[in-house]
Amino acid sequence: MVPRWVRPALRLLVVGAVIEFGVLPQIAGARESLHLLSRISPGWLVVGVLAEAASLLAYARLTQVTLDERAVPYRQLLRVDLATLAVSHVVPAGTAVGVGLGYRLLTRIGVPPARAVTGKALQTVGSAVVLNLLLAGSLLLALLLHGNNPLYLPIAAAGLLLLAGTGLLSVLLVRNEAVAIHRAARFAEHIPRLDPESVRRLLTTLTSTLRRLTADRDFLRRSTGWAAANWLLDAASLWAFVRAFQHTLGPVGLLVAYGLANVAAALPITPGGLGVVEGVLVPVLVAFDTPQGIAVLGVIAYRLISFWVPIPVGFASYARLAYDIRHAHGLDVSAPEPPGEEPHDGASKGDPFGAC
């Protein structure tokens with residue numbers, strides 16, 4: 001039976017594809033688009049594709065570091081990340097569903113459940129914090145070099161508030177572990193299908209991980225290093241695709257546009273920030289002196305590789321991963337149900353991601 005979310009997700013993707021490849025090129029202008037396409041540099045397109053591939057490899061390495069699980073082959077972790085990325089690109093509120101799928105796949109390839117929960121949480125939150133730090137630094141430079149711009153300040157303020165809130169919650173959790181965990185467990189009692197004891201175990205494990213981050217500098221360095229590599233390589237892919245149309249972005253304009261777009265994409269409006277990323281990237285790039293036609297075509301090329309191509313690749317990785325698991329352990333891999341549906345086997349109140 002086809003899950004209920006498949007049809008609306010497919011309709012949304014079709015609409016997104018029409019806007020992405022049909023409407024946006026019209027903004028650039030037909031004549032200008034043809035002129036720019038005649039000047040395109042294939043070499044920079046190849047660089048953009050390679051940078052995006054390297055970004056995904058760096059993210060899989062971040063998964064390995066945060067899980068601290070060397071017994072699981074790197075290629076298996078890469079397939080898990082590609083599968084969760086594909087799901088997050090086709091399902092509304094896809095990040096939450098992707099985290100749930102990632103947790104299930106990790107446990108089925110041999111990662112202990114507590115470590116899978118903590119590792120995915122640390123990876124998701126830590127990666128967001130690194131992105132906001134990159135954005136904050138680039139915004140400060142932009143304000144010094146380019147002055148105030150009302151276009152990007154509201155989104156930047158939201159990102160900085162998210163960063164400050166994450167830091168504050170982390171400090172409160174570490175310094176007042178018993179009180180914070182007790183209150184969270186009490187709050188979980190009022191949420192259907194959420195087991196307070198699971199929340200308690202999750203926060204206890206997460207607190208120990210945060211303490212490790214502050215105590216183990218090598219772990220902190222490797223985690224932040226691979227998270228930064230993931231973001232910077234992805235941003236380099238955007239730079240290369242714009243450069244393919246004979247325009248060179250400065251580092252400040254690149255990081256401001258990229259950071260703002262990805263912070264905005266975190267809002268659960270569309271899968272993978274479809275339409276949101278493009279709607280932020282193009283005007284911000286134009287604000288940093290990129291010709292409008294080049295901004296539109298460069299963003300379309302970048303999103304083709306970073307958003308659309310990972311969907312079939314991710315589902316192919318999921319199929320291969322499911323086949324390997326069944327072959328090796330005789331287990332079945334079930335996609336996580338969207339909120340409101342009954343979970344499959346393996347999702348219970350003892351699984352904090354089971355309802356995702």
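Let's start with a contact. In helix α12, Val277, Glu278, Leu281, Val282, Leu285 and Val286 meet residues of helix α13. On the α13 side, the partners are Gln292, Ala295, Val296, Val299, Tyr302 and Arg303. Sort them by class. The contact of α12 with α13 has nine nonpolar residues, one polar and two charged.

Keep in mind that this is a predicted model.

How do we describe such a pair? Two packed helices are described by the angle between their axes and by the distance between those axes. Here, α12 covers residues 276-287 and α13 covers residues 292-308. They pack at an angle of about 145 degrees. Their axes are 9 Å apart. The crossing of α12 past α13 is right-handed.

Now step back to the whole protein. How many helices and strands are there in the protein? There are 14 helices and zero strands. The protein has 356 residues, and 48% of them count as buried. Next, contacts with a separation of 6 or more: 74% of these come from residues 24 or more positions apart.

One more helix: α8, residues 177-188.

Which residues of α8 are buried? They are Ile181, Ala185 and Ala188. These cover an arc of only 60 degrees around the axis, so they sit on the same side of α8. Turn to the face away from that buried side. There you find the exposed residues Arg183 and Phe187.

Definitions and conventions: Residues numbered from 1 in each chain as written. Predicted model: local features only at pLDDT ≥ 70, side-chain atom pairs only at ≥ 80, totals over all residues. Heavy atoms only, no water. Axes fitted to C-alpha atoms, helices over the stretch in contact; angles between N-to-C directions. Helix = DSSP H or I, 4+ residues; strand = E, 2+ residues; numbered from the N terminus. Left-handed = near helix turned anticlockwise from the far one by under 90°. Contact = heavy atoms within 4.5 Å. Nonpolar A, V, L, I, M, F, W, Y, C, P; charged D, E, K, R; others polar. Expected span 1.5 Å × (residues − 1). Buried < 20%, exposed > 50% of the residue type's maximum accessible area, 1.4 Å probe, protein only. Arc of directions from axis to C-beta.
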